[in-house]
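Here is a walk through two interfaces.

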Amino acid sequence: MIHAAIFLLSLAGFALLLLAMGRHQQDWLRRKLPAGGSRALHLSGLLMLALAFVIAGAGLGWGYGAVAWFGWMTAAAALIVAANLNRDRILRRVRP
Amino acid sequence: MKETLRQSMAWLHTWAGLLPGWLLFVIFLFGTTAFFQIEIDGWMHPELKRAPVTGQALDRADALFRARASGAESWSVSLPSGRSNEALVLSWTPSGGGWEDRAEVKLDPATGREVAVRESAGGFFLYRMHFDLHYLPVIWARYLVCIAALAMLVAILSGIVTHKKIFADFFMLRFGKGQRSWLDAHNVTAVLALPFHLMITYTGLVALLFTLMPWGANASFGSMEAFYEKAFPPAPTIASTRASPPSAPRQLPLREIIARAEANWAGQRASYISIEQPGTPDMVAGIWPGQEMLGGGRQPVYLNAATGDMLGTGDKPGAARATQRVMIDLHAGRFSGAMLRWLYFLSGAAGTIMVASGLVLWTVKRRAKLPDPSRPHVGFRLVERLNIGVIAGSFAGIAVYFLANRLLPVGLPHRADWEIHSLFIAWGAIFTWSIARPVKRAWVEALAACAVLYALVPMVNALTTQRGLVPSLIAGDWIFAGFDLAMLATAAACGFTAWKVATRKPKTAPRRKTRELEAMAA
């Protein structure tokens with residue numbers, strides 16, 4: 001349960017970080033967001049990752065939790081990269 | 001200035017990564033499998049059932065020691081970790097015998113009945129290969145591994161400086177773009193698991209600390225022997241005041257010894273018991289905890305094996321040793337639960353791909369710049385051939401190691417050695433074959449061979465044991481089912497890569513044209 005929470009928060013965190021980057025906004029949203037919007041996305045992404053760390057530490061112990069946090073962040077980032085790689089396929093399904 | 005620093009770091013990254021690259025690939029590959037060494041060990045010993053140790057089994061162990069090992073200098077018991085199907089292993093050195101005369105008996109942990117188990121080095125070999133290599137003296141191997149690990153640390157740090165765009169390109173992975181896609185694959189596997197790579201390389205060096213830098217311990221303790229004497233003090237002895245024992249005292253049952261030792265630990269379980277001078281009034285039992293906690297204590301508990309009195313708990317480690325233990329725990333990941341173990345494994349796989357893609361990238365980057373691409377120079381061809389021979393060869397070798405475990409006759413003398421020889425014979429065969437073939441064909445064929453060999457593992461398992469994939473799934477045996485599924489996934493990944501390489505159309509034509517134009521303009 002704790003593991004799932006760490007993973008999902010990391011996933012959300014990296015998704016937000018992806019959308020905070022100009023080049024990916026163009027790809028995913030077909031427009032660039034204003035600087036304020038990007039910064040808000042960036043900060044909330046980092047906040048999600050920090051929250052994942054707190055949950056990992058509180059739920060699994062700080063030593064074990066820290067190791068698990070790094071592991072899940074890697075897994076979550078890898079999934080976001082995979083989603084970005086298959087962007088066209090995903091977008092076609094979402095808005096045909 | 002900044003530009004020259006980056007350039008010099010790029011140079012360092014290229015060569016610190018390339019020269020030990022093939023050894024690093026082997027270290028990463030075998031180390032990654034070693035996270036699951038106990039599970040692999042279970043699969044390689046299909047005669048064993050997974051079960052917790054029962055009191056009945058421990059009582060039978062007591063009886064077996066008394067019947068068959070009386071007069072031995074010491075008895076030892078290895079308890080299953082609970083992660084896989086493991087045996088309760090009893091061993092003893094007969095009186096007057098040396099370490100090589102050691103007798104060993106494997107018991108079913110549930111019933112205590114003796115089980116005949118095939119001779120196999122199992123997952124332990126994969127773990128040892130990761131830092132001791134094979135066919136060469138251990139000390140040489142460790143020096144080689146140390147040098148490779150140092151180079152790895154240099155390559156990681158210089159790589160971070162070189163690819164300063166890693167954060168801008170954080171999510172970028174493009175396939176089918178030639179050099180660009182290799183660079184992306186290298187960057188993605190490197191950056192996403194960067195905390196793991198830094199941690200595993202640094203803690204790996206810490207694990208080999210005294211091979212690399214014995215001088216600190218030498219200076220403080222006089223010699224390494226004196227240091228080890230202090231770090232691992234011998235078991236306390238019972239100050240027996242009687243000139244001769246009145247009668248041979250009776251030893252406490254093993255289950256009682258375990259219970260008394262575990263009462264000293266907060267939640268840690270006994271993993272190894274050694275009884276010195278059993279059957280005499282001086283008998284001492286040492287009980288060691290498992291490594292189930294990050295930085296958890298590894299001090300044994302010593303008991304008088306006749307009375308159960310506490311004799312000592314070993315010295316508490318100082319700050320330096322405690323730090324080293326945490327780092328070694330982080331490296332080996334033995335403390336991790338199933339979830340975290342998979343994350344370790346996936347990060348390790350990313351590291352293996354990082355090294356492999358880095359090696360391939362070296363050739364991809366240079367191929368376009370060759371003066372005559374159809375006749376590359378010797379260094380280029382050497383790297384190209386070593387890449388195929390080491391990457392595909394060692395990968396195929398592991399599949400053959402698993403196949404040999406099932407196919408070699410159970411009675412074969414030196415069977416465990418032959419399993420290991422099979423790995424290297426297959427590796428050598430793939431290497432030789434790949435040298436004789438054109439580069440692209442060699443890649444496709446070697447990867448296809450990997451796919452076939454890994455796909456064969458679950459099939460041969462189903463034909464030679466009662467524990468094929470389907471029965472394991474029905475029985476809910478996740479060690480066996482998980483292993484077979486992992487083999488199938490690996491086979492699919494190899495097959496996919498082989499297919500990708502085979503169908504790729506090289507896009508060198510336009511580049512050559514522009515270079516011709518440039519040459520004409522010049």
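A polar contact is a pair of N or O atoms within 3.5 Å; within protein, one must be able to donate a hydrogen and the other to accept it, and residues adjacent in sequence count only if both atoms are side-chain atoms. Between chain B and chain A, three residue pairs are in polar contact, both residues at pLDDT 80 or more.

The model is predicted: local features need pLDDT of at least 70, side-chain atom pairs count only at pLDDT 80 or more, and totals for chains, interfaces and linings use all residues. Residues are numbered from 1 along each chain as its sequence is written, chains are lettered from A and ligands numbered from 1 in the order in which they are written, and side-chain values use heavy atoms, with hydrogens and water left out.

Start with the chains. Contact (heavy atoms within 4.5 Å) links 23 residues of chain B with 22 residues of chain A. The buried area (accessible area, 1.4 Å probe, that two parts lose on being put together, summed over both) is about 1800 Å² here, and carbon and sulfur atoms give 80% of it. On the chain B side, Phe171(B), Leu192(B) and Leu343(B) lose the most area to chain A, together 39% of what that side buries. What of salt bridges (a side-chain nitrogen of Lys or Arg within 4 Å of a carboxyl oxygen of Asp or Glu)? The rule finds zero between chain B and chain A.

Next, the domains of chain B. An automatic or database domain assignment sets the bounds: domain 1 covers 5-46 + 124-210 + 337-503, and domain 2 covers 50-117 + 234-239 + 246-314. Their C-alpha centres lie 38 Å apart. Domain 1 of chain B brings 12 residues to the contact and domain 2 of chain B brings seven.

These two domains bury about 710 Å² between them, with 48% from carbon and sulfur atoms. Ile38(B), His45(B) and Ile479(B) supply 60% of the area that domain 1 buries against domain 2, more than any other three residues.

How many salt bridges cross between domain 1 and domain 2 of chain B? The rule finds one. Separately listed is a salt bridge between the side chains of Arg83(B) and Glu39(B), at 2.8 Å, N to O.
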